[in-house]
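Me: Please take one part of this structure and look at it closely. I would like to know where its residues sit and what they touch, in plain terms.

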Amino acid sequence: EAVLGAEEALAPQACLSPPGGAAAAGGQGAATGDIFVKTKMCKFHLLGICTKGAGCQFAHAKDEMNPLPDLYRTKLCKTLINTGVCTNSMCKYAHNREELRSAGMPGLRAARQQQRQQQGGQAHTAQAPPT
């Protein structure tokens, strides 16, 4: 990993999604329900150099902040997968199907709202089968 100089470190184009955010979601960002949207403040906005505006994945004001999602037991334990056993009584990962759960996604609300605004207010809903 290259070390950035002061000029490159403050470059506005470096205003990317947080780790595990849009990049982990295939680069789609808020339009696909990125649960990490606006969970951190935008350091470039704080410096007055963010060029993303309303499309920035980071919050520009405290009232835009979303809480971090609750990821407790949303993935299987890698120790259990790799060794067949997990003896960590404080393990935060699921060890069977019953423990596996969906993430609490408070950031999804804002992402869906932004998506609806971009699509002219049309929400995506599943269609009921014909009767």
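**A buried lysine and its surroundings**

Reply: K38 is buried, with a relative accessible area of 12%. The model is a predicted one, and every value below is computed from it. The cut-off for buried is under 20%, so K38 at 12% falls on the buried side. K38 is placed in the loop between helix 1 and helix 2. Its backbone has a feature to note as well: phi of K38 is near 55°, which is a positive value in a residue other than glycine.

What does the side chain of K38 meet in a salt bridge? The partner is E64, with a distance of 3.7 Å from N to O. K38 belongs to the loop between helix 1 (6–9) and helix 2, while E64 belongs to the loop between helix 2 and helix 3, so the pair ties together parts that are 26 residues apart in sequence. The two partners can be compared with the cut-offs for accessibility. K38 is buried at 12%.

Another salt bridge is formed by D70 and R101, whose closest N and O atoms are 2.8 Å apart. This pair also links distant parts of the chain, with D70 in the loop between helix 2 and helix 3 and R101 in the loop between helix 3 and helix 4 (106–118), 31 residues apart. D70 is partly exposed, with a relative accessible area of 43%. R101 is partly exposed too, at 30%.

A further salt bridge brings together the side chains of R73 and E99, at 3.3 Å from N to O. Here R73 is in the loop between helix 2 and helix 3 and E99 in the loop between helix 3 and helix 4, and the pair links distant parts of the chain that are 26 residues apart. R73 has a relative accessibility of 18% and so counts as buried. E99, at 25%, counts as partly exposed. The backbone of R73 has a phi near 55°, again a positive value in a residue other than glycine.

Back in the loop between helix 1 and helix 2 there is also M41. M41 counts as partly exposed at 32% relative accessibility. Together with L46 and M65, M41 makes a nonpolar surface patch of about 260 Å². Patches are made of residues with over 30% relative accessible area, so M41 at 32% passes that limit.

M41 is also one of the contacts of H60. H60 has its place in the loop between helix 2 (43–46) and helix 3 (78–83). Is H60 buried or exposed? H60 is buried, at 16% relative accessibility. With neighbours within four places in sequence left aside, the contacts of H60 are M41, C42, H45, C50 and G53.

Two cysteines are in that list, C42 and C50. A disulfide is a covalent bond between the sulfur atoms of two cysteines. How many disulfides does the structure hold? The number is zero. For C50, the closest cysteine sulfur is that of C42, 3.8 Å away, which is too far for a bond. The limit is 2.5 Å between the two sulfur atoms. C50 counts as buried, with a relative accessibility of 18%. C86 is likewise in no disulfide, the nearest cysteine sulfur being that of C77 at 3.8 Å.

C86 itself lies in the loop between helix 3 and helix 4, and at 22% relative accessibility it counts as partly exposed. Leaving out neighbours within four places in sequence, C86 is in contact with C77, T79, L80, C91 and H95.

Conventions:
Residues are numbered from 1 along each chain as its sequence is written. This is a predicted model: local features need pLDDT of at least 70, side-chain atom pairs count only at pLDDT 80 or more; totals for chains, interfaces and linings use all residues. Side-chain values use heavy atoms; hydrogens and water are left out. Helices (H or I, at least four residues) and strands (E, at least two) are DSSP runs, numbered from the N terminus. Buried means under 20% relative accessible area, exposed over 50%, partly exposed in between (1.4 Å probe, protein chains only). Contact means heavy atoms within 4.5 Å. A salt bridge is a side-chain nitrogen of Lys or Arg within 4 Å of a carboxyl oxygen of Asp or Glu. Patches are made of residues with over 30% relative accessible area and no salt bridge: like charges are joined within 9 Å, nonpolar side chains (Val, Leu, Ile, Met, Phe, Trp, Tyr) within 5 Å. Accessible areas come from the Shrake-Rupley method with a 1.4 Å probe; for residues, only the protein chains shown count as cover.
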